[in-house]
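Subject: Structure for you to look at

Hello,

Here is the structure I promised to pass on. Please open it first, then read the notes below alongside it.

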Amino acid sequence: MDDAQQNWMVKSFNFAEEALEAGEVPVGCIMVYNDEIIAVGRNEVNETKNATRHAEIVAIDQVLKWSKAHEIHSADVFHKTVLYVTVEPCIMCAGALRQVGIPLVIFGCYNDRFGGCGSILSVHDANITSLGPSFQSVGGIMKDRAVELLKKFYQGENPNAPEEKRKSKKEESN
C-alpha cells in the first residue's frame, strides 16, 4: 500500500470513530474518485432504525447525489472510484458494491461473521454475472486499529438491542 492509500485509509477511520461516538458499530468509509473524496459513510443503523444503513450504502447514496450535482453519469464515477472502509464489507454491501461497479475495495479488519469479500462468502469475485462486475479487494490494512474500535463498541451495551439480548450478555459476563 502506498502513502496516498494509507492516508485515505486513515481518513476512513474518522468516520468509524464518529459512528462509535454515535452508538453505532464503528465502521467508516470514504469513496475516492480522481484523488478526491466524493463520499463518506459511517454506520447509521441504530439512529435510523434501518438495518440497511451501513457505511458503504450511505456512501453509495452520496456518490449518486454527487454525480447528479456534477452532471456525470454515476456509472462512470463508480467505475473509477476506490472504496476505503475500516471493516470488510458484509455480504449485503459487497453485493451493492458489485451492482454499482466499484473496481477496488481496500478494507481494515476481516468480518468473520458477515464478510462478503472472502471471510464468509466471496461476493466480490463470485462468478455471478447478474450481480455486476466483480471487484478486487485488499484486506488487513490497519486491521489492529479497526479491531480496537470494534472491541470498544462491543464492551459497551447496545441500547438498541432487545432487552432479552442485553440480559443474556450481562449473564455471560458474570
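Begin with I141, which is in contact with M1, Q6, M9, I106, F107 and G108, leaving aside its neighbours within four places in sequence. Please keep in mind throughout that this is a predicted model. I141 sits in the loop between β5 and α6 (143-155). Its relative accessible area is 15%, so I141 is buried. I141 also lies 9.5 Å from V85, C-alpha to C-alpha, although 56 residues separate the two in sequence.

Next, helix α3. It runs over residues 55-69, which is 15 residues, and spans 21 Å from its first C-alpha to its last, close to the 21 Å expected at 1.5 Å a residue. Its buried residues are A55, E56, I57, V58, A59, I60, V63, W66 and S67. The elements that cover them include β1 (28-33), β2 (36-42), α4 (74-78), β3 (81-87) and α5 (91-100). After α3 comes E71, which has a positive phi, near 55°.

E56 is buried yet has no salt bridge. The nearest side chain of opposite charge is R53, and it is 10 Å away. Not counting residues up to four places away in sequence, E56 touches C29, M31, L83, V85, V87, P89 and C93.

Now the salt bridges. Side chains of opposite charge can pair when their charged atoms come close. The structure holds five salt bridges, and E18, R42 and E47 are linked in a network of them. Between R42 and E18, the closest N and O atoms are 3.6 Å apart. R42 lies in strand β2 and E18 in helix α1 (residues 3-21), so this pair ties together parts that are 24 residues apart in sequence. Between E47 and R42, the corresponding distance is 2.9 Å. R42 is buried, at 14% relative accessible area, while E18 is partly exposed at 40% and E47 is partly exposed at 47%.

Another salt bridge joins K151 and E148, at 3.9 Å from N to O. The two are three residues apart in helix α6, so about one helical turn separates them. K151 is partly exposed, at 46%, and so is E148, at 44%.

Last, the surface. I91, I120 and L121 make a nonpolar patch of about 230 Å². Of these, I120 is found in the loop between β4 (104-109) and β5 (136-138), and it counts as partly exposed at 41% relative accessibility.

Regards

Conventions
Residues numbered from 1 in each chain as written. Predicted model: local features only at pLDDT ≥ 70, side-chain atom pairs only at ≥ 80, totals over all residues. Heavy atoms only, no water. Patch = residues over 30% accessible without salt bridge, like charges linked within 9 Å, V, L, I, M, F, W, Y side chains within 5 Å. Areas by Shrake-Rupley, 256 points an atom, 1.4 Å probe, with all protein chains shown as cover. Salt bridge = Lys/Arg side-chain N within 4 Å of Asp/Glu carboxyl O. Helix = DSSP H or I, 4+ residues; strand = E, 2+ residues; numbered from the N terminus. Buried < 20%, exposed > 50% of the residue type's maximum accessible area, 1.4 Å probe, protein only. Expected span 1.5 Å × (residues − 1). Contact = heavy atoms within 4.5 Å. Lys, Arg positive; Asp, Glu negative; His and termini not counted.
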